[in-house]
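Hi everyone, thanks for coming. Please have a look at the structure on the screen, and then we'll walk through it together.

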Amino acid sequence: KRVPNVEILEFVDPKEIQKLYNRAKVVINTSVYEGYPNTLHQAAIGKAPYVSLSWDPDNYLESKGIGLGSENDVTRMIQNLYAYLSNDLLREQDGARAYENFKRNHDVTMVIEILKSEIDSALC
């Protein structure tokens, strides 16, 4: 079915992509094979929770409270999406946790400080 508020974009300039993540209520990952997805970071920066069809090693998304995994089950993925779209509080809380998790563990300024410290230790 055609969904009036969903648009397929064939290409977005990388300089503009974060603006779309910032507008998203939920980010859906349907990739079958993927390492740690960059889209997870982009969703977190936009404070959007993450629904993944396949990617969720060790129940990472739910254990961190930042999204929902679907175990390769499309019906479950749709249920997870509906759970977020029908519950503003859950969506906002998981989106806020995703942002905090990103800032605490993956933000480039934090990573640079860790690298500087490690390099300083190695040189001493």
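How do the residues of the lining of the largest pocket divide into nonpolar, polar and charged? They come to 15 nonpolar, five polar and four charged.

Before I go on, a word about the model. It is a predicted one, where local features need pLDDT of at least 70 and side-chain atom pairs count only at pLDDT 80 or more, while totals for chains, interfaces and linings use all residues. Residues are numbered from 1 along each chain as its sequence is written, and side-chain values use heavy atoms, with hydrogens and water left out.

Now the overall layout. The protein chain has six helices and three strands, and from the N terminus on the elements run α-β-α-β-α-β-α-α-α. Helices (H or I, at least four residues) and strands (E, at least two) are DSSP runs, numbered from the N terminus. Along its principal axes, the C-alpha trace spans about 60 × 35 × 30 Å.

Let's take the sheet next. The three strands form an open sheet in the order β1-β2-β3, with parallel pairing; two strands pair if DSSP finds at least two bridges between them. At the edges are β1 (27–29) and β3 (67–69), each pairing on one side only. From one strand to the next, the twist averages 15 degrees. Three bridges join β1 to β2 (residues 50–52), and Asn29 stands opposite Ser52 in β2.

How many cavities of 30 Å³ or more does a search of the whole structure find? The search finds one, and the largest cavity has a volume of about 30 Å³. Its lining is made of Tyr36, Leu40, His41, Ala44, Ile66, Ala98, Asn101, Phe102 and His106, or six nonpolar, three polar and no charged.

A note on terms: on a 1 Å grid over the protein atoms alone, a cavity is a set of points where a 1.4 Å probe fits but cannot get out, and a pocket is an open set with protein on both sides within 12 Å along at least five of seven lines; lining residues have an atom within 4 Å of a point.

Last, a pair of helices. Helix α4 (residues 74–85) and helix α5 (residues 88–105) pack at an angle of about 100 degrees, with axes 6 Å apart. That makes α4 roughly perpendicular to α5, a label for angles of 65 to 115 degrees. Ala83, Tyr84 and Leu85 in α4 meet Asp88, Leu90, Arg91 and Asp94 in α5, where contact means heavy atoms within 4.5 Å. The residues of this contact divide into four nonpolar, no polar and three charged.

Conventions. Axes fitted to C-alpha atoms, helices over the stretch in contact; angles between N-to-C directions. Parallel < 35°, antiparallel > 145°, perpendicular 65-115°, else oblique. Nonpolar A, V, L, I, M, F, W, Y, C, P; charged D, E, K, R; others polar. Points joined across faces, edges and corners; volume = space filled by probe spheres on them.
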